[in-house]
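Welcome, and thanks for taking a look at this one with us.

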Amino acid sequence: MRFLYLTAIVNLFYANVLAQGYTSGFIMDEDENGIPHVQVIELGENNVSYSNDMGAFLLKYFEEDARVLFVHPDYDTLQLQINSSTDRIIFLQPKVGNNNYHLGFHAGFLDFSTKNKNKNLENMPYFLGESDVNRQLQMLPGIEQGTEGYSNLFVRGGDVDQNMMLYNGTPIYNYNHLFGISSTFHNKSIKNTKIYRGLSPAKYGGRVSSYIDLESEKNSSYSGLDGEFEMTPLNAGIYISNINKGKGFFTLAARRSWIDLMVPLESRQNSLNANIYDIQLNFGKTLHSNDKIEFNFMNTRDFYFISLQSDDSLPSSNDTRVVGFTQKWSNLLASIKYKQKLNYSLNAEHQLYISSYKAKSIFKEEIFDPNITTIPTTQLELTNGIQDLGVQSNWTFIKNNAHSIQFGLQSSFRFFQPGKKIYRSQGYPTIADINTITGNTKSVFSNELSLYGEDHWRLNDKTYFDLGLRQVYYTHDGYHKLAFEPRIHGTFLLQHRDALKVGYNRHNQFLTQLNLGRTGSPDNIWVPSTSLVKPTQLDIFELSYERKLGKIYAGSFNLYSKRMTNLVGVSNLSDASNPELDWQSSVVFGTGRSYGAEWLIQKSDGDITGWLSYAYSRSFRTFSDLYDQEYLFSFDRPHMLKLYVNYTNPRSDWNFGFNYLLGSGQLFTLPIGKFRDINGNTQLEYNTLNNYRSNVYQRFDVSVIRLKNTYGLEQEWRFYLYNALGNINPLSVAAVFDSANFSKLVVDRAYLAFVPGVAYIVKF
Amino acid sequence: MKKYIIISLTFLFFGCYQDSIQPDLLENYKSKMVVNAIFTNGQPAKLQLTNSSAVMDSSGLKGIPNATVMIETVDETKTMSPSSGDFNYSSDFIPTSGKPIKLSVRHPDYVNVSSTVIVPVNVNAISTLTENGGLDTSGLPGDLIQVSFNDPGNKSNFYKLNIFYWNQTIGDWIPMAFTKSDPSLTGYNSYVLSDAGVIFSDELFNGSNKIIQTVAPNGLVSSNPDNKYKVEFSHITSDFFEYYRSIQRADDAKEISFNGGFNNAVVIHSNIDNGLGILAVQNTSETILK
């Protein structure tokens, strides 16, 4: 660590002493999108620099002033006389027939503002009418929803807990409402979604499957106040943004379910209640020093309550028993971020965040007996959750025209609550009150301290490398682990219309979510890596080829291979969910591998835009304690074709969009036979796990949007139909027996079809 | 109230359907031979042979009475004979530790099955009793039972421990629930079986002399004049361990009312090639503590 800081300081000194002038800034197109790979040349000198993936550049030179050329094959060359030591924004004029597809970023990276832009995602069909960032990602190649209808994300054969979802840089530990049916984000609170599906810069670490970086709106092409009100069958939501271009921002997004409010208050308190809400609040400002500061806050909650009155009391008794069950979970995220530009070649971004996730289940029984004065009450309360307190300092140092170095220090202090059980009993006439706490009465602590450095090395106008190393020091309860993670990536711009990328990464994950039956369930428990449950490790190799096709199309082809070790599975669901038992006694360990090929063709211009993707992917698991041989991962789908098309014309009264998916069916496990075991009991025979693949998956979703302006307000009615062709895409296939002897079997299948959705939106 | 619930659920579950299917996977099932046997050193070999049936088949499982069952070692070949018309087979073959045993079963209606095992070595288990030598789970004085043995190093070993107490009233040995107080038994690789025995691995004490101890409940055998406890300590094979562990997990999964991972499926371990079941082998020592 000291060596890295020392190197940075020495280099900084070196640069400041010898460099006499510089020009820096952003190179943009007419839509204010950054243009990567622009050559910035000092005329008459062999002095060249290049804009990075965001369009930022820095050219160092030794004259006070210089004539500078900005050269890119798709844009008109621009020559400027530039005073030294200035920051400026350079706009380039596209050539006729220019295709502005962004060839930069790592292999496997996708987002909706640079790589896959102008797709009008608001017109995508959404389940139940609820705009959902997760469902946008599910339409990308290599990302699967898992169980039909759910808003989960399985990336290239990885599990859900292997995705790190960041909201403005803060990790969120449960990004689902409604047990996994909807995401926790108001659609408008996300300006851009970025996803690293495997390879990533050294700045990202801590998960082995993907990094999903959600950024709220922080700047705009114009200043002003915007907002919209949205109503769907699930929620009523509002979004307000006030952008002061380049100077500051304020955004507020909030949703709350409304159906429960139709139910009388007394019923909600005593019988049945279910509601969800989420709120995202972001505020940022550019200071006089040109430093930037921002505050981000997010809170989500799901609440479900049902109470039943029991009438099965003894005839001799007059008591009435009321049994209630409450389940709730919540996320609380808060962060403060400070961005500094220390000098022309050194930038820093510091962040302090807290992310807290808590889930609670409460069973309560009250006895109303006219013969006694008290109300005997018993209550069982189960709690699990995690708190993450993080601090980061991320730096960028531009050493010279060829080398840009990113480095930083990140620390995550995690406090796990794997399970706490509180049992209370009070008011019983002949029994003393009881109040016991079992399980984990205190949180379990772990720390992940990461130091990383990465050199963006521009070899020439067509070749650059990102050579990084991330070093993680992990501690938990006497267990220490030092992990090294190479992050190597090379980009070869072949003819400036295409790029070949290749990379290798290692990632470690120092926490796991125990899946206690269903992905997305709040009962699932976050647990730390321990001396027994070792950190999960991933090695990934990826090769990609991207090409601009004509004026408005672009295509990409990716090949990847992943190998995962120290995967954790649950062997005993009931024991693992019992806080009184050590969860480590109920887990098994295994390995996994996956590989695949992905094609993506996109159209980014015109009234009709969208993309077509196909992924061939395989994913396997080996858990010798569950099955002797390798078996298919639960969400292995060899073939998946996805098509998203939208027609978006703000001048038209009607817009529309549709999704079409065609691919391999989902896997389920069914018994094939039965036999007698050594104790004389009947057991079921499985030839392997995940042995039954359901019929071909086919889904057609459609959205129709009615645009209407009345009273000076833009209004939209959005109508959706999920699985409009009524294909039978099972969300469950289960063997149901009539007795414990398995004498008669029925295989039940449940599926979703013709699911409607509607949303009403008013913009102001 | 009801109408509000219906309105709410309609929005959420409109478009959810259910039907029943008969997957191809479950048809064309071919019945297999199921071998269930525990070979113990120094005791005559016994075996039970039944069939498996398709999961869709509502008829019961049957024994297989007329199979040819052979036991081969480097020294001898023995045939196991069925009791008349029965599916229980026996032989005067006595397994000895350290020697490979090959079991093969043939029957014209089924695919031949076989299994090869080695009887584990004796680990010199010694059981001792100290009256009122410990505190039971209620904090009262109880009999301390200790079992010491030498775990062979450089390989994974597995064990099974059963403790019984003598019930003076009915005149028989009763399994005693084992308190897993030893750290080696509280880890993830230890299971309590339905016969109250515990199986465990040597992961935490590989290659060392190990003492496992437990304390019996206060006063459990205080009125016994003679026999008090019986300790059965077995050095078992990994297949034996895996089989019982999977049986235990399958039983646990049956108690879970919702569909967990893999539809609550547990694959029962087997070391029978082309068939099902287990040829479990153990080197057992039995000690009666008085």
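Let's start with chain B, which is split into domain 1 (28–118) and domain 2 (126–267 + 282–289). Please keep in mind that this is a predicted model. The model as a whole scores ipTM 0.89 and pTM 0.88.

- Taken over C-alpha atoms, the centres of domain 1 of chain B and domain 2 of chain B are 28 Å apart.
- Where the domains meet, five residues of domain 1 of chain B are in contact with four residues of domain 2 of chain B.
- On the domain 1 side of that contact in chain B, two residues are nonpolar, three are polar and none is charged.

**Chain B as a whole**

- Chain B contains two helices and 18 strands.
- Of its 290 residues, 38% are buried.
- Take the contacts in chain B with a sequence separation of 6 or more: 63% of them are between residues 24 or more positions apart.
- How confident is the predictor in chain B? The mean pLDDT is 85, and 90% of the residues of chain B reach 70 or more.
- One stretch to treat with care is residues 1–5 of chain B, where the pLDDT is below 50. Beyond near neighbours in sequence, this stretch has five contacts in the model.

**Nonpolar cores**

- As background, nonpolar side chains tend to be buried together in soluble globular proteins.
- Which residues touch the most other members of the largest nonpolar core? They are B:Val35, B:Leu49 and B:Leu279, in a core of 87 residues.
- Strand β12 (residues 158–167) of chain B supplies the largest share of this core, with seven residues.
- Leaving aside residues up to four places away in sequence, B:Leu279 touches B:Val35, B:Ala37, B:Phe39, B:Leu103, B:Ser115, B:Val117, B:Asn271 and B:Ile272.
- Another core, of 72 residues, lies apart from the largest one; among its members are A:Leu110, A:Val472, A:Met564 and A:Tyr722.

**Where chain B meets chain A**

- The contact between the chains brings 49 residues of chain B together with 59 residues of chain A.
- Each of these elements of chain B supplies at least two residues of the side that touches chain A: α1 (2–13), β1 (16–21), β2 (33–40), β4 (53–54), α2 (238–254) and β18 (276–289).
- Which element gives the largest share of this side of chain B? That is β1(B), with six residues.
- By class, the side of chain B that touches chain A holds 29 nonpolar, 16 polar and four charged residues.

**The overall form of chain A**

- Chain A has four helices and 48 strands.
- Chain A is as compact as a globular protein of its length, because its radius of gyration of 28 Å is close to the 27 Å that the globule rule gives for 764 residues.
- Along the principal axes, the C-alpha atoms of chain A fill a box of roughly 105 × 65 × 55 Å.
- Buried residues account for 44% of the 764 residues of chain A.
- Among contacts in chain A between residues at least 6 apart in sequence, 64% link residues at least 24 apart.

- A:Asn273 sits in strand β20 (residues 272–286) of chain A. Is A:Asn273 buried or partly exposed? It counts as partly exposed, because it has 17 C-beta neighbours inside 10 Å.
- A:Asn273 and A:Tyr304 are 31 residues apart in sequence, and their C-alpha atoms are 5.7 Å apart in space.
- Not counting residues up to four places away in sequence, A:Asn273 touches A:Asp260, A:Arg268, A:Phe303 and A:Phe305.
- A:Asn118 has a positive phi, near 55 degrees, and is placed in the loop between β8 (109–111) and α2 (133–138) of chain A. With 18 C-beta neighbours inside 10 Å, A:Asn118 counts as partly exposed.
- A:Asn168 also is not a glycine and has a positive phi, of about 50 degrees. Its place is in the loop between β11 (163–167) and β12 (170–172) of chain A. A:Asn168 has 24 C-beta neighbours inside 10 Å, so it counts as buried.

How values were computed:
Residues are numbered from 1 along each chain as its sequence is written. Chains are lettered from A and ligands numbered from 1 in the order in which they are written. This is a predicted model: local features need pLDDT of at least 70, side-chain atom pairs count only at pLDDT 80 or more; totals for chains, interfaces and linings use all residues. The radius of gyration is taken over C-alpha atoms; the globule rule is 2.2 Å times the number of residues to the power 0.38. A residue is buried if 20 or more other C-beta atoms lie within 10 Å of its own, exposed if 12 or fewer, and partly exposed in between; C-beta atoms are placed from the backbone. Two residues are in contact if their C-beta atoms, placed from the backbone, lie within 7 Å. Domain bounds come from an automatic or database domain assignment. Ala, Val, Leu, Ile, Met, Phe, Trp, Tyr, Cys and Pro count as nonpolar, Asp, Glu, Lys and Arg as charged, and the others, Gly among them, as polar. pLDDT is the predictor's confidence in each residue, from 0 to 100. A nonpolar core is a set of buried Ala, Val, Leu, Ile, Met, Phe, Trp, Tyr and Cys residues joined through C-beta atoms within 7 Å.
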